[in-house]
Amino acid sequence: MELFKKHLDTIVPLNIDEWKLAKDLFKEEKISKGEYFVQLDEVCTKIAFISKGLFRMFYNVNGEENTTLFFSENQFVTDYFSFLTQTPSIGPIQAIEDSIVYSVSYKDLQRLYEFKNWERIGRIMSERAFSFSVMEANRFLHDDFDTRYVTFIKENPDYIQRIPQYMIASYLKMTPETLSRVKKRINKKTESEFKSIFETPKSKFL
């Protein structure tokens, strides 16, 4: 929980009462590799801070899995739309590694929002999630395959060893074969040739 407290303090420092209630409401969960944080057509009833581990959100389109998000340490994981609207999820979230999270239910989070600083945390996280979605949507529209991959490994260097290549390819909206060609091609280019429409943010959004 100490790692969680330190992360929250980087967003908005909590007073003793605000942290005491959070310690009571956030529950530790161990989620094994391959298990789901939320299943398809299941309402996402919780949001969690990742203390250890890695998750992916994906959609199944015509029998093909399309990865859309990765979540790792010091980030929050949830199906944000399903969680906010309390409607069934269309993007299941699965653990890629054995993971440890601290989760809170939708109902209990509303209790935390009665505290001013927790309400501020909720607002800031919502703003970050929106900013991230806009950034990613525009990168996929404007950045070429080579730039997408170089930006991805620059911002998430540890993911290359932790995530299967086919999932990375899916996330970057390319086939595994295209990703293989990109990895061979980028070695022949200079760093200045890989300029994303958005610069790398100073800190992770989520």
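Student: Which residue forms a salt bridge with arginine 123?

Tutor: Welcome to a predicted model, where local features need pLDDT of at least 70 and side-chain atom pairs 80 or more, while totals for chains, interfaces and linings use all residues. Residues are numbered from 1 along each chain as its sequence is written, and side-chain values use heavy atoms, leaving out hydrogens and water. In a salt bridge, a side-chain nitrogen of Lys or Arg is within 4 Å of a carboxyl oxygen of Asp or Glu. With closest N and O atoms 3.1 Å apart, the partner of arginine 123 is glutamate 127.

Student: How are arginine 123 and glutamate 127 separated in helix α5?

Tutor: Helices here are DSSP runs (H or I, at least four residues), and strands are E runs of at least two, both numbered from the N terminus. Arginine 123 and glutamate 127 are four residues apart in α5, so their separation is about one helical turn.

Student: Is arginine 139 buried or exposed?

Tutor: Arginine 139 meets glutamate 155 in a salt bridge of 2.7 Å, N to O. Arginine 139 is in α5 and glutamate 155 in α6 (residues 145-155), so this pair ties together parts 16 residues apart in sequence. Buried means under 20% relative accessible area, exposed over 50%, partly exposed in between (1.4 Å probe, protein chains only). At 5%, arginine 139 is buried.
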